[in-house]
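Visitor: I have a structure to go through with you. Can we take it point by point, starting with the charged side chains?

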Amino acid sequence: GVEAAEAEAEAGLAAAHDFLLALAVCHTVVVDEKGAMQAESPDEAALVRGAREAGYAFEGRKGNVVTVRLLGGAEGEEAGGADEAAPRRRRLQFKVLGVNTFSSRRKRMSVVVECPSGEVRVMVKGADSAVYGGCGGGGG
């Protein structure tokens, strides 16, 4: 019924949120003093830009802390709080506890982060064959 459809929609939104956070956090991009992104590859820069276009803007890293700003729906306006009439800045800071950098052999990158909630997560991005193979689900 309606409750099942709402629960499914909420699960889909949570999965999309986690996916976009991984794109905004799991990378080695740095922002230089002029505000330009410096990435190890064009693909990495494109994924970070894509996350920004979807509302998850990588702002930079200081030491082992990555900052992501959640944007609102239209033209980069910032996400609102409980009262949508009074938008507020929503910045999330992730403490990077460990990094496994991308390699052509592994075909993936992963980071271990402490989330703003205090939860520790592993975020992974890479080739489908490398990521799905590690999930035990067989790829699909």
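Guide: A definition comes before the count. A salt bridge here is a side-chain nitrogen of Lys or Arg within 4 Å of a carboxyl oxygen of Asp or Glu. Bear in mind that the model is predicted.

Visitor: How many salt bridges does the count come to by this rule?
Guide: The rule asks for a Lys or Arg nitrogen within 4 Å of an Asp or Glu oxygen. The side chains of Arg69 and Glu59, at 2.6 Å from N to O, meet it. By this rule the count comes to 5 salt bridges.

Visitor: How many residues apart in sequence are the parts that Arg69 and Glu59 tie together?
Guide: The side chains of Arg69 and Glu59 form a salt bridge. Arg69 belongs to strand β4, residues 65-70, and Glu59 to strand β3, residues 56-62, so the parts tied together are apart in sequence by 10 residues.

Visitor: Is Arg69 buried or exposed?
Guide: Buried means under 20% relative accessible area. Glu59, its salt-bridge partner, has 28% and is partly exposed. Arg69 has a relative accessible area of 13%, so Arg69 is buried.

Visitor: Which residue in strand β5 does Glu59 pair with?
Guide: Glu59 lies in strand β3, and its partner in strand β5, residues 91-100, so the pair ties together parts 32 residues apart in sequence. The side chains meet in a salt bridge at 2.5 Å, N to O.

Visitor: Which residues do salt bridges that share partners join into one network?
Guide: Glu119 and Arg121 meet through their side chains in a salt bridge of 3.3 Å, N to O. Glu119 is partly exposed at 40% relative accessible area, and Arg121 is partly exposed at 27%. Shared partners make one network of Asp18, Glu119 and Arg121.

Visitor: Which residues does Ala51 touch, not counting residues up to four places away in sequence?
Guide: Ala51 sits in helix α2, residues 42-53. Its relative accessible area is 0%, so Ala51 is buried. Leu23 is 28 residues away from Ala51 in sequence, yet the C-alpha atoms are 6.0 Å apart in space. With those sequence neighbours left out, Ala51 touches Leu20, Leu23, Ala24 and Tyr56.

Visitor: What is the bridge partner of Val68 in β5?
Guide: Strands β4 and β5 run antiparallel and are joined by 5 bridges. In β5, Val68 has as its bridge partner Leu92.

Visitor: And what is the bridge partner of Asn100 in β6?
Guide: Strand β6 covers residues 108-114. β5 and β6 run antiparallel, with 5 bridges joining them. In β6, the partner of Asn100 is Ser110.

Visitor: How many disulfides does the count come to?
Guide: A disulfide is a covalent bond between the sulfur atoms of two cysteines. The cut-off for the sulfur pair is 2.5 Å. Cys26 is buried, with a relative accessible area of 0%, and Cys115 is buried, with 8%. The disulfide count by this rule comes to 0.

Key: Residues numbered from 1 in each chain as written. Predicted model: local features only at pLDDT ≥ 70, side-chain atom pairs only at ≥ 80, totals over all residues. Heavy atoms only, no water. Helix = DSSP H or I, 4+ residues; strand = E, 2+ residues; numbered from the N terminus. Buried < 20%, exposed > 50% of the residue type's maximum accessible area, 1.4 Å probe, protein only. Contact = heavy atoms within 4.5 Å. Pairing = 2+ DSSP bridges.
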